[in-house]
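Biologist: I would like to learn how to read a structure like this one. Could you walk me through it, feature by feature?

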Amino acid sequence: MSTETEHTTESEKSDDEHGHEHPSDKKYFQIAGILAILTALEVGTYWLDSVPGEILIPLLMIMMVVKFFYVAAWFMHLRFDNSLFMKFFLSGLVLASVVYAIFLTVFEFWHKG
Amino acid sequence: MTNQTHSAETSTGLSHNKLGMWVFLGSECLLFGSLISTYLLYRGRFADGPAPGDIFDIPFTSVSSFVLLMSSLTMVLALSALQRGDERNNRLWLLTTALLGAVFVGGQVYEFTTFLREGLGYTTSPFSSAFFTLTGFHGVHVSLGVIFLMSLYVSSARGNLHKERAETVELIGLYWHFVDIVWIFIFTVIYLVPSPTS
């Protein structure tokens, strides 16, 4: 009995070390709930006429980034998997962000809109 | 041979299929980045056609966005079920995910036909070309995802999708979640950030 428990503990530890341990279904529902609330808040801003763009746009961007990272970290398991997967994905994401930020700057998007 | 055994035989100790999928998704960031930045440059150039601020139906698109977002939950539940060896629930969640994806695509077809009736065609203005190209590319990605999901469902119904092949579902799941992530970005930047009006 004791040996079996030790074996199980060692096995779980090994899973954790290799990042294969995934969350429970309950946790997935909780994450979906957070995403639903964030989406409702985002959509709610559509009816807020009095909020100026200088506040509204950064607010929307923050909620978008939070949703992005919740899906990537929990549903795509980047939080639990080997960090090499995240590095490959972030390489593409960062490269795209830099290239197209330069692209938009060259075409004076930030001034003209 | 299981996928885990296969992974252990690779030089990195990781599944090369999964690594390849992540590299592919990283490259997809560049594709969608180009389409989104092109749209941003052209959204104010609507010539004599409808302007984005006049034509977008935010409440309708919000429902579509919510449907796609929830399909990410059903996708991860499908994977979770198969990893537990629960093939019946795996099929149920795969089918639910495919249906939610089909509802999203149906909503996009409805949106496009409404825009066409209101005078916004593909070549009406630089704005319309950029808009239809961006959202059309995304719609094609969702449609391909629905086909992949239905293939998995059929494979499971025929008894060919077991716990040992959970990585196949995980790979399709990664693609599906990525398509959802891209829509999170498109929905905010294209629809919710105030657009020019005529």
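This is a predicted model: local features need pLDDT of at least 70, side-chain atom pairs count only at pLDDT 80 or more; totals for chains, interfaces and linings use all residues.

Modeller: Let us begin with the length of a helix. Helix 5 of chain B has 31 residues, and at 1.5 Å a residue these should span 45 Å. Its end C-alpha atoms are 45 Å apart, so the two values agree.

Biologist: Which residues of helix 5 of chain B are buried?

Modeller: Among them are B:Trp93, B:Leu94, B:Leu100, B:Phe104 and B:Phe115. B:Asn90 and B:Arg91 are also buried.

Biologist: What covers the buried residues of helix 5 of chain B?

Modeller: The cover includes helix 3 (52-55), helix 4, helix 6 (126-157) and helix 7 (166-192) of chain B. After helix 5 of chain B comes B:Gly119, with a positive phi near 95 degrees.

Biologist: And where is B:Gly85? Does B:Gly85 count as buried or exposed?

Modeller: B:Gly85 sits in the loop between helix 4 (58-83) and helix 5 (87-117) of chain B. B:Gly85 counts as exposed because it has 11 C-beta neighbours inside 10 Å, and the cut-off for exposed is 12 or fewer.

Biologist: How does B:Ser155 count, then?

Modeller: B:Ser155 belongs to helix 6 of chain B. B:Ser155 has 17 C-beta neighbours inside 10 Å, so it counts as partly exposed. Leaving aside residues up to four places away in sequence, B:Ser155 touches B:Asn160 and B:Leu161. B:Ser155 and B:Leu92 are 63 residues apart along the chain, while 13 Å separates their C-alpha atoms.

Biologist: Now for two helices together. How are packed helices described?

Modeller: Two packed helices are described by the angle between their axes and by the distance between the axes. Here, helix 4 (residues 83-106) of chain A packs with helix 2 (residues 16-42) of chain B at about 15 degrees, and their axes are 8 Å apart. That angle makes helix 4 of chain A roughly parallel to helix 2 of chain B, since angles under 35 degrees count that way. Their crossing is right-handed. The residues of this contact divide into 17 nonpolar, seven polar and one charged.

Biologist: How many residues of chain A and chain B are in contact?

Modeller: The contact joins 37 residues of chain A with 38 residues of chain B. On the side of chain A that touches chain B, the elements giving two or more residues are helix 2 (25-44), helix 3 (53-75) and helix 4 of chain A. Helix 4 of chain A gives the most, with 13 residues. By class, that side of chain A has 26 nonpolar, eight polar and three charged residues.

How values were computed: Residues are numbered from 1 along each chain as its sequence is written. Chains are lettered from A and ligands numbered from 1 in the order in which they are written. Helices (H or I, at least four residues) and strands (E, at least two) are DSSP runs, numbered from the N terminus. A residue is buried if 20 or more other C-beta atoms lie within 10 Å of its own, exposed if 12 or fewer, and partly exposed in between; C-beta atoms are placed from the backbone. Axes are lines fitted to C-alpha atoms, for helices over the stretch in contact, and angles run from 0 to 180 degrees between N-to-C directions. Angles under 35 degrees count as roughly parallel, over 145 as roughly antiparallel, 65 to 115 as roughly perpendicular and the rest as oblique. A crossing is left-handed if the near helix is turned anticlockwise from the far one by less than a right angle, and right-handed if clockwise. Ala, Val, Leu, Ile, Met, Phe, Trp, Tyr, Cys and Pro count as nonpolar, Asp, Glu, Lys and Arg as charged, and the others, Gly among them, as polar. The expected span of a helix is 1.5 Å times one less than its number of residues. Two residues are in contact if their C-beta atoms, placed from the backbone, lie within 7 Å.
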